[in-house]
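Me: I'm new to this one. Can you walk me through it? Here it is.

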Amino acid sequence: MSFDVGTRAWNGRLTERLQLSSGVTFYPHGPRFGQQLYIDRCFLARKYWRACDEDTAAALAENCIERPASSTVEVISLDAHLVEGLRAACPADRRLDEASMYKPPFADLLVLLESKWQVMSELHPLGYAVYPAGFKTVTFDARQARFIGLHIDEIDGLPMDQCANSPW
């Protein structure tokens, strides 16, 4: 199964930030890589990565025109002052409560995102995480105590081959 994905990049600096893998591998049973234990039925990026060249960046940007949100990846640039504020707001235990999402600097981040994205529900803070270099992916599902690999937000609950039909 393959997906067509388009990108929108701010300031035309996509090649400075984007790395492309050689594809993904599907694991029907949760694999383990060192201390990383993944959920069943996950996708992980293959080992070989390359920098995004100008031609690929242009093709991805062109592919974004008229694409639904479920097929679009947006690369945004955060103001250095906001990034410093987010770093400074990190509590010692790295956990955040719901109320913190509505105070600076998190509220400032929400304002920035709302200008580009439609935020339709409450934000749920996952906290701050730091992982050692070499982790395959860092998205963690605390309910299952497993990493989840690459994921697609499926708000509408559509089958994978119909995600492009989602209005969100």
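Me: Is Cys42 buried or exposed?
Reply: Cys42 is buried, at 1% relative accessible area. Buried means under 20%, exposed over 50%, and partly exposed in between (1.4 Å probe, protein chains only). Cys52 is buried too, at 4%.

Me: How many disulfides are there?
Reply: Zero, by the rule used here. That rule asks for a pair of cysteine sulfur atoms within 2.5 Å.

Me: Where does the model come from, and how do I read the numbering?
Reply: It is a predicted model: local features need pLDDT of at least 70, side-chain atom pairs count only at pLDDT 80 or more, and totals for chains, interfaces and linings use all residues. Residues are numbered from 1 along each chain as its sequence is written, and side-chain values use heavy atoms, with hydrogens and water left out.

Me: On to charges. How many salt bridges does the structure hold?
Reply: One. Arg50 pairs with Asp53, and their closest N and O atoms are 3.7 Å apart. A salt bridge here is a side-chain nitrogen of Lys or Arg within 4 Å of a carboxyl oxygen of Asp or Glu.

Me: How exposed is Arg50?
Reply: Arg50 is partly exposed, at 42% relative accessible area. Asp53 is partly exposed as well, at 36%.

Me: Switching to rings. How many aromatic pairs?
Reply: Five. One of them joins Tyr38 and Phe147, a tilted pair at 5.7 Å centre to centre, with 45° between the planes. Rings of Phe, Tyr and Trp (its six-membered ring) pair if their centres lie within 6.5 Å; planes under 30 degrees apart are stacked, over 60 edge-to-face, the rest tilted.

Me: What does the pair of Tyr38 and Phe147 tie together?
Reply: Tyr38 lies in the loop between strand 5 (36-37) and strand 6 (42-45), and Phe147 in strand 10 (residues 146-147), so the pair ties together parts that are 109 residues apart in sequence. Strands are DSSP runs of E, at least two residues; helices are H or I, at least four; both are numbered from the N terminus.

Me: And what about Phe140 and Phe147?
Reply: They form an edge-to-face pair, 5.0 Å centre to centre with 75° between the planes. Phe140 is partly exposed at 37%, whereas Phe147 is buried at 6%.

Me: Which residues form the aromatic cluster?
Reply: Tyr27, Phe33, Tyr38, Phe140 and Phe147.

Me: Last one. How many helices and strands does the chain have?
Reply: Four helices and 10 strands. Buried residues make up 21% of the 168 residues.
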